[in-house]
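Here is a short briefing on one model. It covers confidence, a helix pair and a salt bridge.

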Amino acid sequence: AASAAAVVALAPRPGDRVLDVCCAPGMKLGMIADAVSDSSGGRDGVAVGVDVNLHRLHVARSCLRRPQRACRNALLVWADGTTFDPTQVDLRAHRAMPLKQWDQRIHRHHQRFRGASNATSADGVAPPTPIVMFEADGLGG
């Protein structure tokens, strides 16, 4: 309910670009993506979700991929929201990542971070530069 209230208060319109920091588990991001989508055939807006936790991003990805939502204009970025600069992400340069590749990337980063510190990426250690983890079907190209 609080997620819905935040989206209503924000009042995003078709064509808007909206950044959702700490976006997991993804319900609010999905609602924003729906709101900025233009069903009349105009230009869709973009909902960019940022989270530092890979596992929570995985949950957000699942939420956005649900058949009843079929979100086409959302982007998930693995980064620290306190230092994230949206200009670092080129919205046209990315494609959707298959689930198997997503899981492999999570595993690879867990191994890398586990060796670097006592914390794992799931504990909130972001990569040094933002990594686009998922892009819905309508973006890119």
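**Confidence**
- Over residues 117–121 the pLDDT is below 50, yet this stretch has 14 contacts beyond near neighbours in sequence (contact: heavy atoms within 4.5 Å).
- The protein chain averages a pLDDT of 76, and 63% of the residues score at least 70.
- Where pLDDT is low, the predicted coordinates should not be read in detail.

**Helix pair**
- The axes of H1 (residues 2–10) and H2 (residues 27–36) come within 9 Å and cross at roughly 35° (lines fitted to C-alpha atoms over the stretch in contact; angles from 0 to 180 degrees between N-to-C directions).
- H1 contributes Ser 3, Ala 4, Ala 6, Val 7 and Leu 10 to the contact; H2 contributes Lys 28, Met 31 and Ile 32.

**Salt bridge**
- The structure holds one salt bridge (a side-chain nitrogen of Lys or Arg within 4 Å of a carboxyl oxygen of Asp or Glu).
- Lys 28 and Asp 20 form it through their side chains, at 3.8 Å, N to O.
- Asp 20 is buried, at 4% relative accessible area, whereas Lys 28 is partly exposed, at 25% (buried under 20%, exposed over 50%, partly exposed in between; 1.4 Å probe, protein chains only).

**Basis**
- Residues are numbered from 1 along each chain as its sequence is written, and side-chain values use heavy atoms, without hydrogens and water.
- Local features need pLDDT of at least 70 and side-chain atom pairs 80 or more, while totals for chains, interfaces and linings use all residues.

Conventions. pLDDT = per-residue confidence, 0-100. Helix = DSSP H or I, 4+ residues; strand = E, 2+ residues; numbered from the N terminus.
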